[in-house]
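Please read it with the coordinates open beside you.

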Amino acid sequence: MSGPRLVIVGAGIVGCALADEFTERGWSDVTVLDQGPLFAAGGSSSHAPGLVFQTNPSKTMTEFASYTVRKYTALGESCFRQVGGLEVATTPERWADLHRKHGWAESWGVGGELVDAGRCAELWPLLDKDRVLGGFHVPGDGLAGAVACGQAQAERATERGATFLPGHTVVGVEQRGGRVSGVSVVTSDGHRTIPADVVVCAAGFWGPSIGAMAGLTVPLLPLAHQYAKSGPLAPQPEGPILRHQDRDLYFRQHGDRIGIGSYAHRPMPVTQEEIGPRSTTMPSVQAFTEEDFDPVWRDAVELLPALAETKYEEGINGVFSFTPDGFPLIGEAPHLEGFWLAEAVWVTHSAGVARAVAEVLVDERSPVDLHECELGRFEQAQLSPAFIEERGKQNFVEVYDVIHPLQPMESPRPLRTSPFYPRQRELGGFFLEAAGWERPHWFEANAPLLEDLVRGTDEHDGEVPVEPFIGAEQRDEWAGRYWSPIAAAESYATRERVALYDMTPLKRVEVSGPGAAAFLQRMTTNNVDKKPGSVTYALLLDIKGGIRSDLTVARLDEETFQVGANGNLDLEWLTRHAPGGVRVRDLTPGTCCVGVWGPQARELVQGLTDMDLSHENFRYFSCRSGYVGQVPVLAMRVSYVGELGWELYTTADMGLKLWDTLWSPGVTTAGGRAAFNSLRLEKGYRLWGVDMTTEHNPYEAGLAFAVRTDKDFVGRDALTTDVTRRLVPLLSTEVVMGKEPVRHEGRTVGYVTSAAYGHTIQRPIAYAWLPAEIAEPGTQVDISYFGRRVPAEVAKEPLFDPGMEKIRR
């Protein structure tokens, strides 16, 4: 097959990799355009140092890098030299982090080993081993020649029919009827239009300019990054690429010279105007600023004393692309069909990203989960130029920092707040951030309750059995960051009394119109075509049966549904697939939600409302409208913490009044995300994007109850009940953090997803993906946590209230 007419903008390593991947899949009508020469076209690929370190906290990014290594290694030594990678630690914090990184490498199948200072010096003889505590060595890492890799892939694509056109500057994106129809270019011969059915923008740091031609905001910030070479040194055998992240440095060899890259300097953003016109032969290279590199050189000499015999030279400030969250930009423009991005992609991940884009366009789905990279992940509030610049600069600063998995960006904050935010601050809320939302993780106002529980008393109920909630949890310094033992008190209040949880940041989508029911029946796995007042838990699948999201679907009337979703990707997915006559609308900014959960939830709310909240008249997984005090609400009887209660929705202007109406000193407690996470894991409730993704199907994930195969839905035909792996709970001896490898009889068999301490069951919990034959209750395994062996046992789920008695009363 020849496929549609495909135009790729940019002939750097990403554009060339795209052409290779598309033509390999049978799309031969491929044209690659670049304003520069082939193949050192003047973008980031032309000067990139080519370091490929595979290990990343993201499984997806690691898989991108691993595929890049496999592909470029097969292209020959002129393209990739597998010299290995070495990261050294000069501080205890970094040495601990390398143990964590070794765990990721084990979880994601990269391999590698932790080595002592002596071995580090063997691998890099120029190292001052007295400054090094140890290192992480991955033999499979190496050096990619970006220009050579691009050219080799372009030659293969050309043999299959692709055309590469240098000296073609894109000046416009043509469109007709809501889809792309071509690109306008200027060449030395004048102006012309190249027709296209699909356009993929792989223009690197020019991406925002190309995107603007299509009416699309590309959240990417070009930043200059310093790289220089030492003077000649005594010849050395070629060693691994080297990172000294404690000083934001990396090193590679260039014959008898050492190349030195630095992220230690101030962020230096570069505007589109500065790089837009091709006024030089290398637009990606800015003037070198020696004042920024002088302290870097001193740090380099400290680690590699032999450098003191020389002086740095051939320095550049090379331009690279940074996004607000550090991930690439992959996806189709929401308003322009056929216009795609493959942006903010470094050499490390170039082949992997190109393969994923080709798979999605040709096969409609990539086997690799892409949710962290999809363009539609950003909320409108995250697309302002000011936000993109500030977060991009911060990502540059933190690129080599030791980052805790809960560590938020510090600015700009607060960006998005719920109506309850003033009261949460009064209660001493400790806030972290997600999708721009301020989310309380615990409340200092609950510290007295914690103290009471430790003493064995509760001012509300008198003497209480405190052992199930207090005293058993121990956390190390790392796990204890962004955590407080107050979470135990909030868990206790939820299990024994009633607590209020701010659910406002969760995406709420209205689907309405005459065809709304049929549309949602087709898009979701469960039967949502029920009578008004019903609520259904359902899944969104891709065409291969992978889990795109999980939803709660509430039918408000014959033509109106409120969908509780996971984020902007769900909104975009539903909007893109909605037929004429069906309206999909984001309700989140104008509404809010509080979860009222606990055994006293009915008693609290019934005294404030005109609705009958009895179990007989307001069943589990049903909804209705009414009033709480003076506040109009939509009440849904659902629970994500395994307790009796309701989610109460109202408009944002009434939110503060709703909170104040529900608040009863001495009765209600504010609960944060730390307690919430513990409670949901005790109940076995999955978190999409963490516990399950498109790489998993419902039967593997333990969600078969949400699948009705007696109806037609997206992904049904690809489902199979024969599974080779399962998501299961582990009861361990120590609280872990997530993404750690799980071992059985000495071999790595899986990895942890979510983890927390279960205050009710008095045990640390870790959910993990394991082979089906091992995922049986009672199986003994080990979790590798910072290099320590943490014994664990596969448990039967749910760990708490298996009979659903607490929720259904």
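**Notes on the predicted model**

1. Asp363 is found in helix α9, which spans residues 350-363; helices here are DSSP runs of H or I with at least four residues, strands are E runs of at least two, and both are numbered from the N terminus. Asp363 is partly exposed, with a relative accessible area of 38%, where buried means under 20%, exposed over 50% and partly exposed in between, for a 1.4 Å probe and protein chains only. Leaving out residues up to four places away in sequence, Asp363 touches Arg25, Ala358 and Ile543, a contact being heavy atoms within 4.5 Å. The C-alpha atoms of Asp363 and Met213 are separated by 28 Å, and these residues are 150 apart along the chain.

2. On conventions, the model is predicted, so that local features need pLDDT of at least 70 and side-chain atom pairs count only at pLDDT 80 or more, whereas totals for chains, interfaces and linings use all residues. Residues are numbered from 1 along each chain as its sequence is written, and side-chain values use heavy atoms, with hydrogens and water left out.

3. How many cavities of 30 Å³ or more are there? The count comes to two, a cavity being a set of points, on a 1 Å grid over the protein atoms alone, where a 1.4 Å probe fits but cannot get out, with lining residues having an atom within 4 Å of a point. Grid points are joined across faces, edges and corners, and a volume is the space filled by probe spheres set on the points.

4. The largest cavity has a volume of about 70 Å³, and its lining includes Gln424, Phe443, Tyr501, Trp659 and Arg673. At least two lining residues come from each of β24 (437-443), β27 (498-502) and α18 (673-683), with β27 giving the most, at three residues. By class, this lining divides into seven nonpolar, three polar and two charged residues, where Ala, Val, Leu, Ile, Met, Phe, Trp, Tyr, Cys and Pro count as nonpolar, Asp, Glu, Lys and Arg as charged, and the others, Gly among them, as polar.

5. Arg673, found in helix α18, is buried, with a relative accessible area of 17%, and, neighbours within four places in sequence aside, Arg673 is in contact with Arg439, Pro440 and His441. The C-alpha atoms of Arg673 and Trp483 are separated by 9.8 Å, although the two residues are 190 apart along the chain. In helix α17 (residues 655-662), the buried residues are Gly655, Leu658, Trp659 and Leu662. They cover an arc of only 95 degrees around the axis, which puts them on the same side of α17, the arc being that of the directions from the helix axis to the C-beta atoms.

6. The second largest cavity has a volume of about 40 Å³, and among the residues that line this cavity are Leu126, Gln236, Arg257 and Ile258. Arg257 and Ile258 are also among the residues touched by Ser230, not counting residues up to four places away in sequence. Ser230 lies in the loop between β14 (221-229) and β15 (241-244), and Ser230 is buried, with a relative accessible area of 0%.

7. The largest nonpolar core has 66 residues, and those with the most contacts inside it include Ile8, Phe64 and Phe164; such a core is a set of buried Ala, Val, Leu, Ile, Met, Phe, Trp, Tyr and Cys residues joined through side-chain atoms within 4.5 Å. A second, separate core of 34 residues includes Leu165 and Trp206.

Technical notes: 1 Å grid on protein atoms, 1.4 Å probe; cavity = no way out; pocket = protein on both sides within 12 Å on 5 of 7 lines; lining within 4 Å.
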